[in-house]
Each structure stands twice: as C-alpha cells, then as structure tokens.
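Open the model in your viewer and keep the sequence panel beside it. This tour goes stop by stop, saying what to select and what to look for.

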Amino acid sequence: MRPKDTTWVGEFAASPRAPAVVAALLAAAAVTEAAVRVAVTGGHGRSPAFALLAVALLALATTAPPVLLSTQTAAVAGAAAAVLSLTAFGTFTAAGAVAVPLALHRLAAGAPAGRGARVALAVALAAPFPVVALCDPRLAGEVRVLALLAASAAPAAAWAGAARAARAEARVHSTARQVTARSLLEHTARGERARIARELHDVVAHHISMIAVQAETARLATPGMPAAGAQRLSEIGDTARAGLTEMRRLLGVLRQDAEVETAERRPQPGLQQLTELVDEARNASGAGVRLIVSGPAAALDPGVELAAFRIVQEALTNARRHARGAAVDVEVHYTADALRLRVRDNGPGAGAVPPPAEGAGGHGLPGMRERAAAAGGTLRCGSGPSGGFVVEASLPVAAGVLR
C-alpha cells in the first residue's frame, strides 16, 4: 500500500474540486494574457473589440473545458481553439501551452477501452502546432516558442497519462490477485485443519473409549477389590465418558461437512498401509516407486502414524502431478526420538511445483506442513542436492497436540 500524502499539495490533488480550480486559474491567466497580446499586436488587422472578444473566448475554450472534462470532444475542442487562435489572431498563451498537454494527459488516462486510439488522437491533435509555428511568419517569437513547447509536451503528456493509468490498473489487479490468493490459501489451510481435527478426533475418541471400557472391566472382573478401589475405577470410567462427550460436542460438528455412509467408514491408515500406498502410486504413474525402511521399527502413536501416512500420500500425489513419469523413493527411518520421512523424485525440481499463493495449485505443501505441525513435527520441501524435488518430515514418536 502506498503511503498517504499528507501535504497540502497531495490533499489538493486528491480533492474533487482540483480540476475546477486549475481550470479557473488557467482560464483567468489565459484571458488576461490574450487581452494583453491583442492590445500589443492589434489583432492582426481586425477590429480591436472583435479581436479581444474572439481571443478571450478562444482562450477560455483552450483552457477550461479540456481541464474540466477528460473526454475526446473536450480535448479536440481545446486543441482546435488553440490552433484557431494561432492562425487567425497570432496569439497563444502560456496558460494554453499548459492546458493543452494537461488535457491530452487526462484524455489518455481515461478508461482502458480504446486507450491506444486516444493516445493516437492526442499525438494527432499536437501535430498542427509545430506546422503553424514554423510556417506562419506573422507569429511573434514568444508565441512561436509556446506553440513548439506545447507540440513537444503534448505527446509526452499523453504517453505519461496512459502509463500512469496502466500502472494504477496493474496495482489494483495485483492487489486483487494477492487478496484472492491469500483467501484461497487461508481457506485451504482451514479445510486441512478441519480434516486433521476430524481424523485426530477418531484416534483420541478411540483411546478415551478404551480407557472407559478398561476401567469398567477392571472394576467388574477383579475379584476381592476393595470398595474404594472399585469406586475409583468407576470414577475413572465416568470421567473418560464425560471427556469423550465434551470432545464430541466440540469436534464432532466438523463431521457435518463430510458426512459419509457407514459402509464407507474404515480404520484410519498408518505406516502398515505404506506398502499398499506405494503399490497404488506405482500402478497409477507407471514409474518406479521404492519404499525404503531403516531403523528398528516400533509401534507409534496412531496420530503420528496417520500424519506420516498423509504426508507420504500427498508427496506421492505431488510427484505424480508435477514430475510425471519420474522415479520416486520413499524413505522411512525410525530413530529413538523421531520418525523421519523423505520422499524424493528425480523430476525437474522445485520449479515444477507452483507456489501456494498462486493459481489453483500448490495446496498440498501447506497441507503437509499442517499435518507435520499438528503432530508436533517439522517439514521441509524444495529442490534436492542432486536434482528433483524432496519432501522431508520429522515427527516425534509421541503424539502431537491438536491445534
């Protein structure tokens, strides 16, 4: 955003009364100067009264309408009045020399439709001035100089007006595109967070339900349990059920935008399904897709496994979309404190994946970052050291915190 001009010049230029004030000042100056020139030259042999009236009217026509109205008719009328004043009475004022380029500037800075034709018209309207200035021997030296100055400044003013209008339109369009891209990206991020929340809701609900069931089973199946212990187990079950109810009340509403039939429900995927995922990617792309597992495999929290599965799934989808036919390696490395994922293709690299803030593509990368952050981990993506595109994620072995 451009800083606001707080000076009196900036405030005056932004005022809707500015054109009227400028037109009035130029008209007054033009009429005064024209009257003085007629008094000095005598109006080229015409009656002084008639010459004074005609020159005053031509001076007004040269300055007031073109500055007040940014239309083709006003610009043509102003230029024609200036040329007529030059040819018929040998007068051209300094105010007119300012008003003509200003009028052509406003003409070229109008609406985008037909701007090229208006610029050509502005150049054509400036053409008679040098012809008259160089061919009419009756013109005084200062009048000839003013006409040549107007002829030189008019085309430049027209091009400047067209360029200024084009820059303003480009800024408006760029701002609109940025707002649209930010809105789309935020909408995508919210949707991905909602999807993560729905899936983690299933995982957490399963664990809390198991706590309630195990507490009730221990209370009923343990012979000779003291009454105090049985009461504590009963309270644990009640607390678990109450927590489950509250969680469903807060997060269960997220299912309203993704209702599915009961027959379509299935357990949340995890690392055990990576082999099937790699096989599906290999069959869909027809390219080589390898799964490389290293380190001592261990059972991880379901939320971490779900995040890992979704990150690999999205990385394979991006590789298939942006590096069609490229071989892909999926590396899963177990360590004592983290699960490390690396998905690398031998495609063209980062230039194949559009940035998230442009166009309709590129939403997989923010989604993967949301997955990693929701599980308490980190994710990095970009060009690999030897080419291709690489997605690397590090997820802690413990469950992340639902955001």
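**Stop 1: helix α5**

Select residues 94–108, helix α5, in this predicted model. Is this helix enclosed or open to the outside? Buried here means under 20% relative accessible area. Of the 15 residues of α5, 11 are buried, so the helix is largely enclosed by the rest of the structure. Colour the buried ones: A95, G96, A97, A99, V100, P101, A103, L104, H105, L107 and A108. Now check the length of α5. From first C-alpha to last, the helix reaches 22 Å, close to the 21 Å expected at 1.5 Å a residue.

**Stop 2: the second largest cavity**

Keep G96 of α5 selected; it is one of the buried residues of that helix. G96 also lines the second largest cavity. The space inside is about 60 Å³. Which helix gives the most to this lining? Helix α3, residues 48–68, does, with four residues. By type, the lining divides into five nonpolar and five polar residues, with no charged ones.

**Stop 3: the largest cavity**

A search of the whole structure finds five cavities of 30 Å³ or more. Go to the largest, with a volume of about 80 Å³. Select its lining: A281, S285, A287, V289, L316, A319, R320, A323, G325, A326 and V328. Two elements give two or more residues each to that lining, α10 (274–285) and α11 (302–322). Helix α11 gives the most, with three residues. Eight residues of this lining are nonpolar, two are polar and one is charged.

**Stop 4**

What does L316 touch beyond its neighbours within four places in sequence? Show L277, A281, V289, V328, V330 and V343, which are in contact with L316.

Now widen the view to the largest nonpolar core, which has 33 residues. I311, L316, L341 and L395 touch the most other members. The elements that give two or more residues to this core are α10, α11, β2 (328–334), β3 (338–345), α12 (364–374), β4 (378–383) and β5 (389–396). The largest share comes from α11, with nine residues.

There is a second, separate core of 26 residues. Select A75, A122, A126 and A150, which are among its members.

**Stop 5: A215 on helix α8**

Next, select residues 141–221, helix α8, and pick out A215. Is A215 buried or exposed? With a relative accessible area of 6%, A215 is buried, because the cut-off for buried is under 20%. A215 and G237 are 22 residues apart in sequence, yet 5.5 Å apart in space, C-alpha to C-alpha. Leaving aside neighbours within four places in sequence, A215 is in contact with L233, I236 and G237.

**Stop 6: the whole chain**

Clear the selection and zoom out. The protein chain has 12 helices and five strands. Of its 403 residues, 39% count as buried. Last, consider contacts between residues at least 6 apart in sequence: 72% of them join residues at least 24 apart.

Methods
Residues numbered from 1 in each chain as written. Predicted model: local features only at pLDDT ≥ 70, side-chain atom pairs only at ≥ 80, totals over all residues. Heavy atoms only, no water. 1 Å grid on protein atoms, 1.4 Å probe; cavity = no way out; pocket = protein on both sides within 12 Å on 5 of 7 lines; lining within 4 Å. Points joined across faces, edges and corners; volume = space filled by probe spheres on them. Nonpolar A, V, L, I, M, F, W, Y, C, P; charged D, E, K, R; others polar. Expected span 1.5 Å × (residues − 1). Buried < 20%, exposed > 50% of the residue type's maximum accessible area, 1.4 Å probe, protein only. Core = buried A, V, L, I, M, F, W, Y, C linked by side-chain atoms within 4.5 Å. Contact = heavy atoms within 4.5 Å.
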